Amino acid sequence: MRELLRKIIRTGRVAEDPPARPAGAVPEAAAELRGSVQIRHVDAGSCNGCEVEIASAFGPVHDAERYGARLVASPRHADALLVTGPVTRNMRVALRRTYEAVPEPKVVVALGDCARGCGVFADAYGVAGAVGDVVPVDAEVPGCPPEPEAIVAALRGLTGR
């Protein structure tokens, strides 16, 4: 046991250095969050491709939590909404109510091409529109699906870390 402890102390922390901070403007509402953002994810009608990448972004490889971003289960505990997919007719009211439940200041991130402009689901009979058509959007992440690095970079833009 002592030998293992000595080895741990000698080796120290082994982790890669974080990448450089992303360049770009921080949304006004995010400036008030001061380095820590609690995020509520809302699937408004996606194909689940973005959800796989979100799981990867918060997994051990990309570890978005080390930059101050954390997923929470309730919109009442959240500072930001991370919305994926085009907003379906059945999710329009639910997304609006979720947005209203988030306390001020709040930020909305449209994640993926479908959330930004309906993507391949544009003009589908069950689609109400893009996220920006239902709630105000502060930041967008392009891609179908967006890479975990892009998701982490967007979240770092919110936290400023």
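Predicted model: local features only at pLDDT ≥ 70, side-chain atom pairs only at ≥ 80, totals over all residues.

The reply below turns to one strand and one of its residues, and then to a pair of helices.

Reply: The chain holds six helices and seven strands. In sequence order these elements follow the pattern α-α-β-α-β-β-β-α-β-α-β-β-α. Of the 161 residues in the chain, 43% are buried. Among contacts between residues at least 6 apart in sequence, 83% join residues at least 24 apart.

Strand β5 comprises residues 107-111 and is mostly covered, with five of its five residues buried. Val107, Val109 and Leu111 point one way from the strand, whereas Val108 and Ala110 point the other way, and all of them are buried.

β5 pairs with strand β3 and with strand β7. Strand β3, residues 80-84, runs parallel to β5 and is joined to it by five bridges. Strand β7, residues 139-141, also pairs with β5 in the parallel sense, here over three bridges.

Val109 lies in strand β5 and takes part in both pairings. Leaving aside residues up to four places away in sequence, Val109 touches Leu81, Leu82, Val83, Ala139, Val141 and Leu158. One of these contacts, Val141, is 32 residues from Val109 along the chain, yet the C-alpha atoms of the two are separated by 7.4 Å.

The other part to consider is a helix pair. Helix α3, residues 49-57, packs against helix α6, residues 148-159, at an angle of about 65°, and their axes are 8 Å apart. Because of that angle, α3 is roughly perpendicular to α6, and the crossing of the two is right-handed. On the α3 side, Glu53, Ile54, Ser56 and Ala57 form the contact, and they meet Pro148, Ile151 and Val152 in α6. Sorted by class, the residues of this contact are five nonpolar, one polar and one charged.

Conventions
Residues numbered from 1 in each chain as written. Heavy atoms only, no water. Buried < 20%, exposed > 50% of the residue type's maximum accessible area, 1.4 Å probe, protein only. Helix = DSSP H or I, 4+ residues; strand = E, 2+ residues; numbered from the N terminus. Pairing = 2+ DSSP bridges. Axes fitted to C-alpha atoms, helices over the stretch in contact; angles between N-to-C directions. Parallel < 35°, antiparallel > 145°, perpendicular 65-115°, else oblique. Left-handed = near helix turned anticlockwise from the far one by under 90°. Contact = heavy atoms within 4.5 Å. Nonpolar A, V, L, I, M, F, W, Y, C, P; charged D, E, K, R; others polar.
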